[in-house]
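Trainee: Please take me through this model, then go in for a close look at the place where the chains meet. Keep it brisk, and tie the details together.

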Amino acid sequence: MYHQTKEDISSDLQAMEKAKQHPSAFRPIYERHYKRIYLFVLNKVYDKDLAAEVSAQVFYKALEKVGSFRDTGVPVTAWLYRIALNECTDFFRKTSKNRYVVLDDLFANFLKEEMEVEGSLEEEWMDALKEALSQLPEEKLQLIEMRFYEGKSFREIGEILDISESNAKVRTYRLLEWMKGSVLKSKKS
Amino acid sequence: MKSRYIFKKKPLTVSDAEIQSYMDFDALLSPKVPVSGAKVSAWKLYVVSGLVAALTSVAVYWLMDKWNHTDTQEIPSEKVQAPQHPMMNSIPEEERKSSLIQDTNEEKGVIDKGQPKEKVETTLAQNKSNLVKETPPAKAEPETTALPQPRETQLIQAQPLVGIDSLTRYFDTQVQYPLSALKDSIEGQVIVQFTIEKDGRVTHPVVLQSLGEAFDQEALRVVSAMPQWQPARLNDRPLVSKASVPITFSIIRNSKGRDL
């Protein structure tokens, strides 16, 4: 899970409990997770300084919410990702900054396999895919990215979005279905 | 159709060292700095010139504080009475009033339950005169000659992270009137001074104004256990500082109660 050992997860939870009393006890969580949150944000804002700004905001919010954190079996990492997603959504809504999508070959191929779109020219396929992705609102794009770019499991995605694992799966495949329709439509025209 | 997203073939490469350079946990603990990565790096550039001066002054304050602290510990109680007034005066009048109003409300609640109970009333005062940063001449002088920027002496006072109101409430609920003193009907204030470390921990509580052993112990207990503070900051650098709180012990008698 999130490339974390059970020990990491439980020491996160312990740190969270301490941080409720003393915010400085949040430091180990910050240090352990800063990088993953930073990279997560960086892919979306595609600017190192901006990514640092948004990441700082993520941890600032996290620190504010420490008091209301309840151990429901969800790792602290998922909780942080959830805050990061919300902060990113907010960030793009409130600023006129561009939202970037890192669409590398691996991501594109993964989507192609999942959508079972066959035998189209590489360029044509990429254009159609970009167009389909472009029509997704932020929240839906995030879901697709988490699953097919970041390679998160449905369980992780469920934990992050605070929905069940199967719901995460259903939502993802419904989106893929929709994207497939969009791709096929643009191929015809 | 104009795409609402910009697609990139590759992720931005960023080294671990770069990521680490963005990490600044301490900045998160300061509410005055609304966390901006860009600001932090600009700030770093600024600081380079004034860094030496700032560091030395911080060290000087720290030493002075240490010195002050051992001083106060040794001082017998007569000298201790003096700082009480500036302390009390430093509370904004309205704040004091509002916390008093809160107290009376709670008092009512207690009485409604029909139990004669000791009531603890606290007002919080931040002792400005005791704050370490309060003696800026040593710092201001070298810096105003070197680089005359007003921002160099930006001072933020220590404050409770949970807010003054919550802290007052904390004292209201946590302070226990020592039952052993009930028969003597002692009422009054214990003033406790304490140090706020750079990381916001509250340390070295010292009784400035005593009300007897049992009261002092209780006052020290609640002060030691109180929620963390936001350290004082000089130009965004946390400083060790001191503050004090008066803790009032009073007994609510049944006869005093209204609307029983």
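Mentor: Chain A has 9 helices and 1 strand. Keep in mind that this is a predicted model. Along the sequence, the elements of chain A run α-α-α-α-β-α-α-α-α-α. Chain A has 189 residues, and 37% of them count as buried. Take its contacts between residues at least 6 apart in sequence: 65% join residues at least 24 apart.

Chain B is built with 9 helices and 10 strands. Of its 260 residues, 30% are buried. Among its contacts between residues at least 6 apart in sequence, 80% link residues at least 24 apart.

Now the part you asked about. Chain B puts 27 residues into the contact, and chain A puts in 30 residues. On the side of chain B that touches chain A, the elements giving two or more residues are strand S1 (5-8), helix H1 (16-22), H2 and H3. S1(B) gives the most to that side, with 4 residues. By type, this side of chain B splits into 15 nonpolar, 6 polar and 6 charged residues.

Stay with S1(B). Strand S1 of chain A, residues 99-102, pairs with S1(B). The two strands run parallel, over 4 bridges. Within S1(B), B:Phe7 is the residue that stands opposite A:Val101.

Next, look at the loop between H2 (25-28) and H3 (37-74) of chain B, where B:Ser30 lies. Beyond four places in sequence, B:Ser30 is in contact with B:Arg233 and B:Asp236. B:Ile156 is 126 residues from B:Ser30 in sequence, with 9.6 Å between their C-alpha atoms.

Back to chain A, for what lies inside. The largest nonpolar core holds 53 residues. Those with the most contacts inside this core include A:Ile37, A:Val58, A:Leu80 and A:Leu129. Helix H4 of chain A, residues 76-94, gives the most to the core, with 10 residues. Where does this core sit relative to domain 1 (6-94) and domain 2 (105-188) of chain A? It lies between them, because both domains give residues to it. Leaving out residues up to four places away in sequence, A:Leu80 touches A:His33, A:Ile37, A:Val58 and A:Ala62. Apart from this core lies another, of 26 residues, including B:Leu208, B:Leu234, B:Val240 and B:Ile247.

S5 (188-196) and S6 (202-209) of chain B are joined by 5 bridges. These two strands run antiparallel, whereas the S1 strands of chains A and B pair in the parallel sense. B:Ile191 has B:Gln209 of S6(B) as its bridge partner. S5(B) and S6(B) form a hairpin with 5 residues between the strands. In that hairpin B:Gly200 takes a positive phi, near 95 degrees.

Notes:
Residues numbered from 1 in each chain as written. Chains lettered and ligands numbered in written order. Predicted model: local features only at pLDDT ≥ 70, side-chain atom pairs only at ≥ 80, totals over all residues. Contact = placed C-beta atoms within 7 Å. Core = buried A, V, L, I, M, F, W, Y, C linked by C-beta atoms within 7 Å. Buried ≥ 20, exposed ≤ 12 C-beta atoms within 10 Å, placed from the backbone. Domains from an automatic or database assignment. Nonpolar A, V, L, I, M, F, W, Y, C, P; charged D, E, K, R; others polar. Pairing = 2+ DSSP bridges.
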